[in-house]
Amino acid sequence: MLTTLNTAYTDTRAADLAWALGRGPVPALAVLDLDLAGAGVQLRLLGASHQVILEEEGGTCSETVACIPGSSTPLPLGVSKRLGEWEYEFAARVETLSHSSFAGRAQELLALVADHPNGLAGTFPGDPNAFTAMLAQRDEGQVRWRTWHAYPQEGRLVVTRTRVGVRMPAVADYTLVGDKPECMRDVALRV
């Protein structure tokens, strides 16, 4: 879904973005509610910022990337946390592009997200390359989302990638007992 955000473009520097986990819903300019195989995902555009709220049987996760007044948590390159039974992984990078490359990349991303049933993008009045876009999916029990925050005046694109899902034991945690794998902890408890 592509929408025009009826607001002034105020978050004008990529360096002003901060990251927060666990915040309650922030007033949004556009919202897309998704049901991804039993996981309720709400994509929320907050201007040049985003918030994703995931609700599933295992719990709730709220991620906010925005210019957060008073926040001392800058946008990290990566985060990995346990949230109850879930693992949460977040990664961010900043791409710096030339003016012509930026325009092409912006239009390519907007087309991708606008035509996707699990995508939400908002453009700002006055510059077709000023946008925030989000895309969510569920794959093998994991909920994933990607976001793009465009800062055309700087030639910067902030790209984030998040994965939330039940912790999967490492392969080394398993051994073959007979012809089936069993968790090493369970085998050790029987010995």
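**Strands, rings and pockets**

Mentor: Ala-136 is found in strand E10, a strand being a DSSP run of E with at least two residues, numbered from the N terminus. Before you ask more: this is a predicted model, with residues numbered from 1 along each chain as its sequence is written, and side-chain values use heavy atoms, leaving out hydrogens and water. Local features need pLDDT of at least 70, side-chain atom pairs count only at pLDDT 80 or more, and totals for chains, interfaces and linings use all residues.

Trainee: Okay, is Ala-136 buried or exposed?

Mentor: Go by the relative accessible area: under 20% is buried, over 50% exposed, and in between is partly exposed, with a 1.4 Å probe and protein chains only. Ala-136 comes out at 2%, so it counts as buried.

Trainee: And how far apart in space are Ala-136 and Pro-117?

Mentor: Along the sequence, Ala-136 and Pro-117 are 19 residues apart. In space, going C-alpha to C-alpha, the separation is 9.2 Å.

Trainee: How many bridges join E5 to E6?

Mentor: E5 covers residues 50-56 and E6 covers 59-66, and a hairpin connects the two through two residues. Val-52 has Glu-63 as its bridge partner in E6, while His-50 has Val-65.

Trainee: Then what is the bridge partner of Ala-18 in E6?

Mentor: Now you're on the E2 side, where E2 and E6 run antiparallel and are joined by four bridges. For Ala-18, the partner in E6 is Ala-66.

Trainee: Why is E6 described as largely enclosed by the rest of the structure?

Mentor: Look at burial along the strand, which has eight residues. E6 is largely enclosed because the number of its residues that are buried is six.

Trainee: Switching to rings: how many aromatic pairs turn up in a search of the whole structure?

Mentor: Rings of Phe, Tyr and Trp (the six-membered ring for Trp) pair if their centres lie within 6.5 Å; planes under 30 degrees apart are stacked, over 60 edge-to-face, and the rest tilted. With that rule, the search comes back with two.

Trainee: What's the geometry class of the Trp-19 and Tyr-88 pair?

Mentor: It bridges distant parts of the chain, with Trp-19 in E2 and Tyr-88 in strand E8, 69 residues apart. Trp-19 is buried at 9%, and Tyr-88 is buried at 0%. The ring centres are 6.3 Å apart and the planes make 35°, so the class is tilted.

Trainee: And which residues form the ring cluster?

Mentor: Trp-19 also forms a tilted pair with Phe-90, at 6.1 Å centre to centre and 35° between the planes. That pair links E2 to E8 across 71 residues, and Phe-90 is buried at 3%. Linked through ring pairs, the cluster is Trp-19, Tyr-88 and Phe-90.

Trainee: Last topic, pockets. Which strand supplies the largest share of the lining of the largest pocket?

Mentor: A pocket here is an open set of points on a 1 Å grid over the protein atoms alone, where a 1.4 Å probe fits, with protein on both sides within 12 Å along at least five of seven lines; lining residues have an atom within 4 Å of a point. Strands E8, E10, E11 and E12 each supply at least two lining residues. The largest share is four residues, and it comes from E11.

Trainee: For the second largest pocket, which residues lie nearest the centre?

Mentor: Its lining is made up of eleven residues. Those nearest the centre are Val-26, Leu-46, Ala-66, Cys-67 and Pro-69.

Key
Pairing = 2+ DSSP bridges.
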